[in-house]
Amino acid sequence: VGLIGDDIQPVAGEGRKRHGINIMAFSCEGYKGVSQSAGHHIANNGLMEWVIGQGDLEEPPGKFSVNMLGEYNIGGDGWEIERILKEIGYDVVSVMTGDGSYEALKNAHVAQLNLVQCHRSINYIAEMLEKKYGTPWLKVNFIGIGSTVESLRNMAVYFGDERLAAKTEEVIAREVARVEPAINQYKKICAGKTAFCFVGGSRGHHYQGLYRELGI
C-alpha cells in the first residue's frame, strides 16, 4: 500500500501509479468479515493481480527455492527461520508479509514450494499460487523445537535430495544442541505451570507444542 496524494483518488482495489511508484488501495476497512477472512481475500486478490508475477525472474534462483507464507516477523522470528533455511541450502524467494518486500513479492511465482505457516487466511493465496503457477504448498510450523524439526524434515522429504536431507539433519543437530541449555533453564521455571492460549492472535495455536516442551 503506497501513500496516496490529494490529486489521486484510487478506486477500491485499483492499482495506480505516481512518480513511478505503484499505489494500490484495498477496500477492506476493519479487515472485513467476522474473522477478518474477507479482508484477507481482498488483499490476496490484489497481490495476485498487481504484484506477484510482475518480477523479472523466470526461473527459481536456486535448486531449492521457497516462499514463506503467513510469516509476519512480529518478534524477529522470520529472520531466524530464514537464517536456518539458508544454512540448509534453501533460497527464500519472498516472505509474505513480515519483513517482505515489494520487489521480492513480484517474483514469488518462481518458487518451487510455498511454506504455509498460518493455517487459515494464508491458505487462500497458497491455493491461488498453486492454481495459477502450479506451485505446491506445505504446511509448516517453526514455533518450538519439535515443530521446527518436523517441518524441516518434511521439506527435505518433499525435495527428495539426499544431500539436502543430510544437511538438514546436520543443522538440526547443531541448532538443538545450541538451544538446549536455554530450554532446560526455562523448564525449571515453567514446569507444572498452566497456560491459557487465546487463539486468534498471531498463530496462537502454534504455540501449544512450545508450551509442552517447556513443561507447561
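Visitor: What should I know about the model and its numbering before I read any value?

Guide: This is a predicted model, in which local features need pLDDT of at least 70 and side-chain atom pairs count only at pLDDT 80 or more, while totals for chains, interfaces and linings use all residues. Residues are numbered from 1 along each chain as its sequence is written, and side-chain values use heavy atoms, with hydrogens and water left out.

Visitor: How many helices and strands does the protein chain have, and in what order do the elements run?

Guide: Helices (H or I, at least four residues) and strands (E, at least two) are taken as DSSP runs and numbered from the N terminus. The protein chain has seven helices and six strands, and from the N terminus on the order is β-β-α-β-α-β-α-β-α-β-α-α-α. With contact meaning heavy atoms within 4.5 Å, 63% of the contacts between residues at least 6 apart in sequence join residues at least 24 apart.

Visitor: What share of the residues is buried?

Guide: A residue is buried under 20% relative accessible area, exposed over 50%, and partly exposed in between, using a 1.4 Å probe and protein chains only. Of the 216 residues in the protein chain, 40% are buried.

Visitor: Where does helix H6 bend?

Guide: The bend at a residue is the angle between axes fitted to the seven residues ending there and the seven starting there. In H6, which spans residues 162-190, a kink of about 40 degrees lies at Glu180, shortly before the proline Pro181. At the start of this helix, a side-chain oxygen of Asp161 comes to within 3.1 Å of the backbone nitrogen of Arg163, and after the helix comes Gly192, whose phi is positive, near 85 degrees.

Visitor: Which residues of H6 are buried, and what do they pack against?

Guide: An α-helix has 3.6 residues a turn, so residues three or four places apart point the same way. The buried residues of H6 are Leu164, Thr168, Val171, Ile172, Glu175, Ile183 and Cys190, and they pack against helix H2 (77-88) and helix H5 (145-159).

Visitor: How many salt bridges are there, and which residues take part in one within helix H2?

Guide: A salt bridge is a side-chain nitrogen of Lys or Arg within 4 Å of a carboxyl oxygen of Asp or Glu, and by this rule the count is 12. Glu82 and Lys86 form one of them, at 3.3 Å from N to O; both lie in helix H2, four residues apart, about one turn of the helix. Glu82 counts as buried because its relative accessibility is 17%, whereas Lys86, at 49%, counts as partly exposed.

Visitor: How many disulfides does a search of the whole structure find?

Guide: A disulfide is a pair of cysteine sulfur atoms within 2.5 Å, and the search finds zero. As for individual cysteines, Cys190 is buried at a relative accessible area of 15%, and Cys197 is partly exposed at 24%.

Terms used
Polar contact = N/O pair within 3.5 Å; in protein donor to acceptor, adjacent residues only side chain to side chain.
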